[in-house]
Amino acid sequence: MKALEGVRILDMTHVQSGPTCTQLLAWFGADVLKVERPGVGDATRGQLQDIPDVDSLYFTMLNHNKRSITLNTKSDKGKEIFTKLIEQCDVMVENFAPGALDRMGFSWERIQEINPRMIYASVKGFGPGAYADCKVYENVAQCAGGSASTTGMLGEVPLVTGAQIGDSGTGLHLALGIVTALYHREKSGRGQRVECAMQDGVLNLCRVKLRDQQRLQHGPLREYSQFGEGIDFGEAAPRAGNDSGGGQPGRILKCKGWETDPDAYTYFITQAAVWGNVCDVIGKPDWKEDPGFATPEARLPHLNEVFGAIEDWTMTKTKFEVMEICNKVNIPVGPILSMKEIAEDESLRKTGTVVEVDHPERGPYLSVGNPIKLSDSPSDVERSPLLGEHTDEILKDVVGMSDEEIISAKEEGAV
Ligand code: CAO
């Protein structure tokens, strides 16, 4: 039995943030009914298509293990069916632009009337306040949540990151909120509203930068490279390039082959506890006793010199050799892996972190499996549904409609 078996999710999500959340719940065993507009579906089905007229990888990689029902929730018949679905489900998840479900006639008050045990979960761009009504996409959230202003090289433009912290990050937060509300319902018998703003989710992941903002009031951030370079700090936490976010200085350094391979780099952390090992590995044993280098505090003003010497060594090794040599002596390092290398990584395939899925229209493709592993409830990744693939079975088994009623709803254009 899967961990969330018996939990039924009314999935009104689209694009990325909401679908990430419901995909996770589906991987844990929930029955996720993805409601999509007849003939249209989730807009991502048609976005960034690599094969003409076949559900895009954007869609397939965010909607595994779900069932798809088409339903026009703005038509009278559609609303009637939707009301029955609310009665039969435990959780409703949506990430429409603010107010869309209210405009359909399904406010939180109305949902509670229909099913007091319903948990109603939403992603919005912003929480209550001046921007509450704004539509938001990933990069807007990264900018508004403090990520972009603190990402990138000092003195250069703010950068967004390739990690989808606004969309997938908020989807993760929302999934935790839903599971928590389900647990609470066991005791209270009632559902509740779960809301996650993308700005809040990004800020939660950027909390170390709010930490640094406050530390700035008490002096320069000595572990930032700019400190050693003699560059003054302004009023706001600056972009820190590839400096380590923690108290253990680290940087991205070139490895053998960097001239032609854009990913021939390693991340190298000069963890204080293994400083002696770092000195031995890079051929600077004298630095162990040298007062200018022996302590973390002494090293901070000349990190450029420290990392310059380490890079002289890493450039003589491949990123995997660096990993091999340093791991043996407990120095934390990590190769910069390209997506190509990740896609081909056998160990990630073995753990189910990267999975190959078969799809009736596109054939086999790679996807990311569930990164959360439960020993008693392992996740099997099943392909995403075609648009409306399960409409009839859901109308019959969940809503309780007869064949004649289904035909008539189809004739009306409700499904
Ligand atoms: N039947 C009938 N109508 C439906 C329907 C269905 N099954 N499903 C959706 N609709 C309607 C909605 O009711 C809405 O209609 P109204 O505008 O008349 O109320 C309309 O389809 C489109 O919804 P939308 O405004 O959410 O879609 P959009 O493409 O214009 O905006 C987005 C997309 C993502 C910017 C917006 O949904 C949003 O800000 N969501 C919240 C934040 C979020 O999750 N962002 C992350 C997205 S991933 O990068």
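Modeller: A residue is called buried when its relative accessible area is under 20%, exposed when it is over 50%, and partly exposed in between, with a 1.4 Å probe and only protein chains considered. The model is predicted, and for that reason local features need a pLDDT of at least 70 and side-chain atom pairs count only at pLDDT 80 or more, while totals for chains, interfaces and linings use all residues. Residues are numbered from 1 along each chain as its sequence is written, and side-chain values use heavy atoms, with hydrogens and water left out.

Let me start with Leu25, which counts as buried because its relative accessible area is 1%. Leu25 belongs to helix α1, residues 17-27, where helices (H or I, at least four residues) and strands (E, at least two) are DSSP runs numbered from the N terminus. From C-alpha to C-alpha, Leu25 lies 9.4 Å from Ala3, and 22 residues separate the two in sequence.

The ligand is surrounded by 24 residues, of which Lys74, Ala97, Lys135, Val136 and Asp167 are the closest; a residue belongs here if one of its heavy atoms lies within 4 Å of the molecule. This shell divides into 10 nonpolar, 7 polar and 7 charged residues, where Ala, Val, Leu, Ile, Met, Phe, Trp, Tyr, Cys and Pro count as nonpolar, Asp, Glu, Lys and Arg as charged, and the others, including Gly, as polar. Helix α4 (residues 100-104) supplies the largest share of the shell, with 3 residues.

Among the atom pairs between protein and ligand, a side-chain N or O atom of Lys135 is 2.5 Å from an oxygen atom of the ligand. A ligand nitrogen atom lies 2.9 Å from a backbone N or O atom of Leu71, and a nitrogen atom of the ligand is 3.1 Å from an N or O atom in the Thr73 side chain. On its own the ligand has 950 Å² of accessible area, and the protein covers 84% of this, with areas taken from the Shrake-Rupley method and a 1.4 Å probe.

Charged residues also pair with one another. In general, side chains of opposite charge can pair when their charged atoms come close. A salt bridge is a side-chain nitrogen of Lys or Arg within 4 Å of a carboxyl oxygen of Asp or Glu, and by this rule the count comes to 27 salt bridges. In one of them, the closest N and O atoms of Lys34 and Asp42 are 2.8 Å apart, and both Lys34 and Asp42 are buried. Lys319 and Glu341 form another, at 2.9 Å from N to O. This pair links distant parts of the chain, with Lys319 in helix α14 (residues 319-328) and Glu341 in helix α15 (residues 339-344), 22 residues apart. Lys319 counts as buried because its relative accessibility is 5%, whereas Glu341 counts as partly exposed because its relative accessible area is 24%. A salt bridge also joins Arg211 and Asp212, again 2.9 Å from N to O; Asp212 is buried at 1% relative accessibility, while Arg211 is partly exposed at 33%.

Methods
Polar contact = N/O pair within 3.5 Å; in protein donor to acceptor, adjacent residues only side chain to side chain.
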